[in-house]
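The following explanation is intended to be read alongside the sequence and the three-dimensional structure. Please keep both in view while following the paragraphs below.

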Amino acid sequence: VLIAGELNRALERNEIKVHFQPIVRLEDRTIAGFEALLRWEHPRYGRRSPSEFIAIAEETGLIVDLGLFALDEAARQLATWQARVPGEPPLFMSVNVSSRQFLRQDLVQDIQNVLGRYALPHGTLKIELTESLVMENPEHAAQMLTRLRELGAGLSLDDFGTGHSSLAYLQRFPFDVLKIDKSFVRPTGRGERPVILRSIVRLAHDLGMQVVAEGVETDSDAVELYHLGCVFAQGYAFGEAMSAEDCDRLLGLAP
Ligand code: G
Ligand code: G
Ligand code: MN
Ligand code: NA
């Protein structure tokens with residue numbers, strides 16, 4: 001029983017939080033960055049999934065406020081971690097952007113504002129867009145992506161392998177990260193999967209993109225992906241989306 005009004009109040013009542021899922025280097029399992037993921041703990045109905053409430057927020061327009069909230073929280077937390085965990089390259093943060101957010105020209109200004117507000121190094125705040133969103137309107141996407149890139153935002157292509165694009169087509173878009181969708185990653189080790197995964201990784205690298213395998217749930221998947229040439233991974237094998245405090249522990253910043 002989800003009504004738009006409740007979602008509106010949820011944001012005001014701080015029931016909606018931004019959690020963070022680690023993205024690791026497969027070589028040594030160190031944390032390279034995070035993906036910011038919204039979480040809503042409803043006082044009566046318990047945890048609601050963003051796949052449910054993002055769609056509602058898009059219909060009502062609340063996605064604008066919700067998106068700004070997620071963007072600001074994620075950028076602020078990234079700046080904190082970059083200061084406390086210095087390293088080269090610095091930690092990055094990936095923030096999801098929905099279709100309706102992406103259609104607004106204001107998004108460019110919003111992102112420029114947070115990059116300035118938190119003085120984030122070039123490319124470390126990444127905007128994550130799904131392949132299908134980009135393919136909805138490739139002309140608009142190409143123009144927006146170029147502007148975002150010029151501002152110093154990083155760009156991640158999410159859910160790769162589920163939409164209808166090709167790696168050759170991707171040359172038109174200035175993505176620096178390609179995320180292989182979990183549906184593609186999980187059943188590794190059988191038949192042609194490894195061949196296809198290896199080819200995606202190699203082509204993406206040749207096109208100058210980094211590759212993140214999503215939905216890596218087991219250690220043996222992680223080992224296999226590493227041997228297929230994949231450098232980064234995300235999934236339950238390394239941790240689900242968690243609070244900033246839990247991430248602090250993972251980063252060695254808290255007992
Ligand atoms: O974490 P997971 O089950 O729960 O997320 C479900 C879906 O919700 C994913 O497709 C994810 O991209 C989307 N999502 C999570 N957080 C955000 C957000 O801050 N903004 C947008 N637009 N989508 C989000
Ligand atoms: O933005 P995107 O649609 O990629 O959102 C990532 C989604 O995948 C979120 O719902 C997140 O909770 C989920 N997720 C993260 N790690 C794993 C995993 O190892 N296995 C599965 N099945 N889902 C995962
Ligand atoms: Mn994502
Ligand atoms: Na994805």
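**Ligand sites, a helix and a strand**

Strand 2 (31-42) and helix 2 (50-60) each supply at least two residues of the shell around ligand 1. Helices (H or I, at least four residues) and strands (E, at least two) are DSSP runs, numbered from the N terminus. The model is predicted: local features need pLDDT of at least 70 and side-chain atom pairs count only at pLDDT 80 or more, while totals for chains, interfaces and linings use all residues. Residues are numbered from 1 along each chain as its sequence is written, and chains are lettered from A and ligands numbered from 1 in the order in which they are written. The protein has an average pLDDT (the predictor's confidence in each residue, from 0 to 100) of 93, and 97% of the residues score at least 70. The ipTM of the model is 0.98 and its pTM is 0.96.

The residues that surround ligand 1 are Ala36, Leu37, Leu38, Ser49, Pro50, Ser51, Ile54, Ala70, Asn96, Val97, Ser98 and Ala241. A residue is near a molecule if its C-beta atom, placed from the backbone, lies within 6 Å of it. By class, this shell holds eight nonpolar and four polar residues, with no charged residues. Here Ala, Val, Leu, Ile, Met, Phe, Trp, Tyr, Cys and Pro count as nonpolar, Asp, Glu, Lys and Arg as charged, and the others, Gly among them, as polar. Around ligand 2 there are 13 residues, of which Asp158, Gly215, Glu217, Gly235 and Tyr236 come nearest. The shell around ligand 2 consists of four nonpolar, four polar and five charged residues.

Which residues of helix 2 are buried? They are Phe53, Ile54 and Ala57. These residues lie on the same side of helix 2 because they cover an arc of only 105° around the axis, the arc being that of the directions from the helix axis to the C-beta atoms. Ser51, Glu52 and Glu59, on the other side of helix 2, are exposed. A residue is buried if 20 or more other C-beta atoms lie within 10 Å of its own, exposed if 12 or fewer, and partly exposed in between, with C-beta atoms placed from the backbone. The buried residues of helix 2 pack against helix 1 (4-12), strand 2, strand 3 (46-48) and helix 3 (63-84); contact requires C-beta atoms, placed from the backbone, within 7 Å. Gly61, with a positive phi near 95°, follows helix 2.

Strand 6 (residues 154-160) has six of its seven residues buried. Strand 6 runs parallel to strand 5 (residues 125-130), to which five bridges join it, and Glu128 stands opposite Ser156. Three bridges join strand 6 to strand 7 (residues 177-180), again in parallel, and in strand 7 the bridge partner of Ser156 is Val177. Two strands pair if DSSP finds at least two bridges between them. Asp159 is found in strand 6 and has a positive phi near 55° in a residue other than glycine. Asp159 counts as partly exposed because 19 other C-beta atoms lie within 10 Å.

Asn14, in the loop between helix 1 and strand 1 (16-25), has a positive phi of about 60° although it is not a glycine. Asn14 is exposed because it has 8 C-beta neighbours inside 10 Å. The peptide bond from Glu88 to Pro89 is cis, with omega near 0°, and Pro89 lies in the loop between helix 3 and strand 4 (92-96).

Terms used
Two residues are in contact if their C-beta atoms, placed from the backbone, lie within 7 Å.
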